[in-house]
Structures are given as structure tokens and as C-alpha cells.
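This report walks through a structure chain by chain. Please look it over, then read on.

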Amino acid sequence: MKKRLLALMLAASMVFGLTACGSSSTGSASSEASESATSEDGASTNSTVVIAMGSGFDTLDPGQVYEKYPQMVINACYETLFKFYSNDGAAEPMLADTYSFNEDNTVLTITLKDGVTFASGNPLTSKDVAFSLNRTKNLQGNPAFITDTIASIETPDDKTVVINLTEPDGAILSKLAYSACSILDSEVVTANGGTDAEDAATSDSAQAYLDSASAGSGMFVMTSYIPDSEIVLEKNPSYWGEATNVDKYVIKIQDDANTQMMTLSSGDIDIACNMTEDTMSELEGKDGITLLNNSTKTVSFLMMNMDESIGGPVSDPKVQQAIRLAVDYAGIQTICGEGTTTPYSIIQEGFFGSLGERSTDYTDVEAAKALLAEAGYADGFDIDLTVCDLAMEGIPLTDLAQKVASDLAEIGINVNIVSEAWAAGYGDDYRDGKLGFTVMYWGIDYNDPNVQLEFLAGGVVGLRAGWTAESDPEIASLYAKATNAIEDADREAVLKEIQEATYEYGPFVMLAQAPCPMAYNSRLTGVAFSDPYTVDLTQVNVQ
Amino acid sequence: MVRAVKKLFKSNYLFTLGVIVCVFWIVMAILAPVVSPYDPIEQNAELRLEAPSLAHLFGTDNFGRDIFSRVIYGGRYSLLAGLLTVFIAGIIGTFYGAIAGYVGGKVDNIMMRLSEMILSFPSLILAMIINAVMGSNLFNTMFALVIVAWPTYARLMRSVVLSVKENEYVEAAEVLGASKIRILTKEIIPNSIQSVLIMATTDIGNQILMFSTLSFLGLGSAPPTPEWGMMVSDGVEYFNKFWVAGFPGLAIFTMAVGANFIGDGLRDLLDPKLRKQF
């Protein structure tokens, strides 16, 4: 008995020791942070802004960046021909002064703005544009696909860029706004091992340089990048345009919501990019902190295979529509948290040409039951719903699956949830179109509604649902129609047609656009959620 | 025997506590449909993340499900997993170890090296791999636990058998011409089983914990099954809503500790020699 008591005390003392270690280390970390903040403040009072954002990337070379968070940094240090100034609209000219297409929309001619210089002092010319786009294409990195429709680039003079396209591409302006199409200072990059030659994938060695400094014309220059830890941006002293009053950004790569919440309330950071519903509720009503609840364009959806041998009952369009009617969209939005929306159909709210939200009143259990009976399943049926271990912006897909299962039980469909690890088979089955009924999510590659065309028959995602172009030529034809539309009015018309066509038809039920809860110190103005950049740092000012 | 157990209850309060806790959970698990006030998988979006109250003793989770009912139902899976795993692993390990120990020589060498191969893997990782490859459901999780658990029993059994087989009654049986199988099942196993039994009782708690760990990592039964480990993992998302993860966590804690107390007590009862050694 005595020995047991001794053991217990030993265990207790170990626990205390551990907690003591834990608290002392966090304590020292926070005091360090506040110290560095004050020392920085000493140099330039309060115009240093500290941001905490997510991780998951290991380079800041615009030709290689494909992840979500580096976009914020690239957007601050580099500039693009076109840019998304607001979160719901089309790309607008930035470095481009004017632009025009030829008659069959295969040649895009851009005139560059006058007086644009890089941070190095070199003037930005058409030569730099050609260099940057060719480099991205030839590096063959993750974002190289963005230049797939660019056949060649001509530079008749310093101010004119002629981009020859392989085919008409309605999304080309949005693509040119993507980080991979940032305009690099060709002189500086070449001097540091960069090249735009066709063998750039092997011969280009500028990534090391671009991970330590920036070579753009942006409002800020990167002075330090410690992977998975910290990025420092300082004001570009020779910025060609009008700059904000922020002198310095310290970006902490630290995505724990609770840490962000605590450091934001203590004033150690100014913008917290990775909040959760739970941590947001802690900050509600707190003085000096503003909360932002926006929906992203990352969308979760139910996929029902059109191939009867794989999908079984859910391959029947009537059953698909019954399921679409049975889902409790309001409930799903509650579970995903404030800011969640359900798109009208396959094009997310916030995209150019979007028809907005699907009304939460759309749910109609009685109509769903009637449709199910019409399809010959008056007593419902049993079905497996496969779900993997991934999460959509922090919302586990299994949560969505449980909600859907409970909704479908209302109309007599008995859903059995089958969990499969993404790495252990689910991923391959999903891509190969072998899943009959599943919940998945989709993050956009670049900010243009044309990325959603993949959800049409014959598109990449459509094929995963066994929806071939042959089986539905009418829907499939909308794909080409949309990519060929160039003028805004034409694009809007065809996008509307697509959304109406998939509103009550097709193998996909769009469930919810994930929210992106963020919070910031109220001393800042101009902080807004932006899909392409998370926060557009060139619009933030200190009051 | 009865007197000894009575004495154990009186002298070892931890054992008594363990029995109370375990009996409580077993009764709750069996009577779950009667005891639980709500359907454990019924969702109610209006009652999301409610704090514990009289209507919902343990509060509600992010689907508005009653956590109290879920914890009660969850006992079924954890108890089943703990008991069944130990039972099956014990049987496999006992026979495997007994054969290796009794036959000896090359057979012993090969058999024990095989079991050590499994032992040399970190058990949690091995269980995770098995589970990930086979797909995660309740049966596969238990299968993985058994695979990881049986070699320990085999080693223990073998070491006991090595000393038991030197006994004169074994020699006598051999002289009388009894078959090896008969000697193994009638002489050796009954005389060596005690230490395996002792280990099994202490192991139940560990297996419950291991099962919860696996389902915490998303490798248990599929949602919406109310399983303790999975409930804790769901609750981690809600840092400031302690009841979502707290109550199922408490259930795992009490169950595991209770089973360990019983194991300890039984060891004292069955094998006073072992007790002195510690």
C-alpha cells in the first residue's frame, strides 16, 4: 500500500512537472513575442502589423507557389497584369493599362502602365512580363498549368505584350491575376540563377534567392523568410504607386486557432487568419477587436455516381433530385459555422457571374418523398456513404456525412457511413470514379468561375461521378461554350445557363461553402477577406 | 475462495472501487436503451453545443446530440472491445506460447522469433497500419488490437511452460505414454494458465485505452456510432466547450482505471508470490 502511494505521488509530481514545463515555455514564448514587438515599435511607432497565418508551404518563389497562404505574401511583394481588387468580381487591370483581344479571341494584346519600377529601381518592361510567364511555364512546377493556354508571348516594344493563346480562354484575365503570373524583375532573377529557357525545370536555380528576398514591383519587399516560422515584409521605399501607411509586416506562420485568439486579445498579433467558430465566440464583444465571417469558395458536395453499376439507386436522376430536396441546408450551415453559405448550384457565391445562394427554404421533405416513390423507392433503400478522413477548412467531412445521413433518414434512405483513409485507397477510388455515393470538397485552383466547369458532364470532377460527355452532350457542350466566351456579358449569360441547368439536375449536391472566420485589431482599416489573397495586404492601413 | 474474495474486498479498497466502477459501466451498457434519456444518434440543430443542464446532464455536441446518452451507449463498444480483445489474444497467445515452450528447440526458436517480430513494432503504429489497410470499422479495429496484443501472452506462457514442463508429473505422464497433445492440454496448460489470467485482467484496461486511442485517431467505428474515443476527438474542436470531450474522456478514464484496479486486486489474490516480488 505504501509503495502504491509512493507511485501515485511520483505520478502526481510528474504531472505537475510537465505542466510547469509547459506553462514556463509558453510564458517565455509570449514574453519574447511582446519584447520583439516593442523593440520594433520603438523604431517605427505602431506601423508594424503582425499577422498569424496557416502553414503548409515551403517556398515563396512565385513560379512554384501553389498553396493557399503564400498568396498573401506574393500579392504584397509582386504585381500582376490583372488583379482582384474586390472579392466578388472579375479581374481588373493592374500593371496592364489597356488590353484587347483579336477577332477570334486567340490573341491578347496588353499595353503596360507607364512609370512602373521594380524595388531594385529597374523599370518594368514587356521583357520582364515575357520572362516571368515563360519561366512559370518552363519551370513545370505545381502552378505551371495556369499558363497552359498561352502558346507564345511577343514583345514588339517595351510597353506592349502580345499573348498568343492556344484557344479562346474566357478565364485568361483571371489566370494572369494568379500568383504564378507575377511579374519578376528579370535582371535580378537572372543574376541569381533564374532562366526562362525551355529547360528551366532543371537549369533554373533562382528559388533559393526568391526564398530569401523578393524581386517584384510590389508595395513591400521581403527581407526575411524562415520556413514554418516567420516572414518579414518591409515597405518598398521606391514604390511606384501610392502606398499604405504600414511600414512593416511580420507574418507568423502559426495556425493554431487558440494561440491566435490569445495572442490577438493580448495585442501581440493584429490579424488572426485561422480562427474557428469556437475561438470567435470567445472574442465576441471584446473591445478593439473586429470579427470577420466570410465564406470561402471552398465547397463541399455530395457526389452520386451516374453509372448504375457503381451508384445503384443514386444513379437515378429522380433519386438525386429527392436527395437534393431532402438535405437540410440550414442545418448544414449551422454545423459549419457562421459565414457558411450554400451556392445556387455548381458555381460558388462570390464568383463573377454567380447567381448567389441556394435558398435554405429549398428543403422539402414531402416533395422528396414523393419523388422517391415515383422512382420506385417508396420504402426507401439502404446505401453506403463513403467518407474520407479529410477536413474542409477545418470542418471534418465525417461531420457533413453524419448530417446528410440524418437528413436522408427522414425520407427513408438508410445511410451507412463507411470511413476510408484518403491515403489508403479513398483518394484513388475518388479520382478513378469508383465511388458510388460520397461527400467530398473542392478548393479552387484560381479565382475564376471557369474552374467550376469541371463539375459538368465530361469535366474532371464530372467524370469522377461517371458523368461522361457522351451521356449528356447538351450539358457537356456548355463547357466549350463557357471557355469560348470572352466578353463579360457573354460570360455572364453562359454561366447563368450553366447554373440553371445544374440547379435541379446532375450528380452533385452542393452542400456548403466553408467559412473563413478571421479577427483583427480594430486599429487597422481595410482588412477584408479575399479568396485569392486571404487578406490583401496592399489595402490595409493603420489608424 | 469466497472467503478470500471477501477479504480482498475488505482489505483492498481500490479493488472494491474498481469493481463498483466496472459493474456500473457494464450495467449501463446492458441497460443503455432503458437508461439513456435520448436516442444517441438523433440530431437536433437547435440544441447545438448546449452546456450541461437538467435536460441534458452532460450537455450536447455539435449536432445537438445528447452526450449523456452517447456516453452510455459508448460503453457497449469500449467494453466489448476490451473484453473480446483480451479474450481472443489470450487464447491465441496461450496456445502459441505453450506449444513453443513445450516442444522447444527449433520450433520454439522460429515461433518466438515470429512473435517478437510483431512485438518489435511500436504497437500503436502497427495497429494503425493494419486498420488503415483493412479499412476502419469496429471489427477491424479489434482485429488489429488482437494482432498487437497476443505476442505478449505467448511470451509469458512460454516462460511459464518452460518451468512447468520440468515437473515430475509431466515426466510421469510421458512415461505412461500419454500423447504430446494430451500432456499439453491436460497437464501443462492448466498448470500455467494462472499467470496469463492475471495478466489478462490488468490488460483489459489497457486494451480499452488502446481502442479509444485508435478511434480518437479516426480508426474506430464509423460515425455516427457513439464511441468514447471518437467523441473525445470530436470534442477537441470545441476547446471552450469542455463537456463535449470531457465526459467521454472521463468515461474512458474511469473504465480503464477501474479495470486496472480489479486486475491488481486479482493478482494479489491469485498470486501472492508475484506481489512480493514487486
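## Charges on chain A

Chain A carries 28 positive and 80 negative side chains. The centres of these two sets lie 6 Å apart. Lys and Arg count as positive, Asp and Glu as negative, and His and the chain ends are left out. Each charge is placed at NZ of Lys, CZ of Arg, CG of Asp or CD of Glu.

## Basis of the model

This is a predicted model, in which local features need pLDDT of at least 70 and side-chain atom pairs count only at pLDDT 80 or more, while totals for chains, interfaces and linings use all residues. Residues are numbered from 1 along each chain as its sequence is written, chains are lettered from A and ligands numbered from 1 in the order in which they are written, and side-chain values use heavy atoms, with hydrogens and water left out.

## Chain A as a whole

Chain A has 18 helices and 22 strands. Both are DSSP runs numbered from the N terminus: helices are H or I with at least four residues, strands are E with at least two. The radius of gyration of chain A is 26 Å, close to the 24 Å from the globule rule for 543 residues, so chain A is as compact as a globular protein of that length. That radius is taken over C-alpha atoms, and the rule is 2.2 Å times the number of residues to the power 0.38. Along the principal axes, the C-alpha atoms of chain A fill a box of roughly 90 × 75 × 45 Å.

Of the 543 residues in chain A, 54% count as buried. Buried means under 20% relative accessible area, exposed means over 50%, and partly exposed lies in between (1.4 Å probe, protein chains only). Chain A exposes about 21,400 Å², and carbon and sulfur atoms supply 50% of that area. Areas come from the Shrake-Rupley method with a 1.4 Å probe; for residues, only the protein chains shown count as cover. Take the contacts in chain A between residues at least 6 apart in sequence: 68% join residues at least 24 apart. Contact means heavy atoms within 4.5 Å.

A:Ser315 sits in the loop between helix H10 (308–311) and helix H11 (317–326) of chain A. A:Ser315 is buried, at a relative accessible area of 11%. A polar atom of its side chain lies 2.7 Å from the backbone oxygen of A:Gly312. Beyond neighbours within four places in sequence, A:Ser315 is in contact with A:Asn305, A:Met306, A:Asp307, A:Glu308 and A:Gln320.

A:Gln140 is not a glycine, yet its phi is positive, near 55°. A:Gln140 lies in the loop between helix H3 (126–139) and strand E6 (150–157) of chain A. Its relative accessibility is 58%, so A:Gln140 counts as exposed. A:Glu393 is not a glycine either, and its phi is about 45°. A:Glu393 belongs to the loop between strand E14 (391–392) and strand E15 (395–396) of chain A. At 34% relative accessibility, A:Glu393 is partly exposed.

## Chain B

Chain B has twelve helices and zero strands. Its C-alpha atoms fill a box of roughly 75 × 50 × 30 Å along the principal axes. Of the 278 residues in chain B, 48% are buried.

Chain B exposes about 13,800 Å², with 69% supplied by carbon and sulfur atoms. Among chain B contacts between residues at least 6 apart in sequence, 70% join residues at least 24 apart. Chain B has 21 positive and 20 negative charges, and their mean positions are 9 Å apart.

How values were computed
A polar contact is a pair of N or O atoms within 3.5 Å; within protein, one must be able to donate a hydrogen and the other to accept it, and residues adjacent in sequence count only if both atoms are side-chain atoms.
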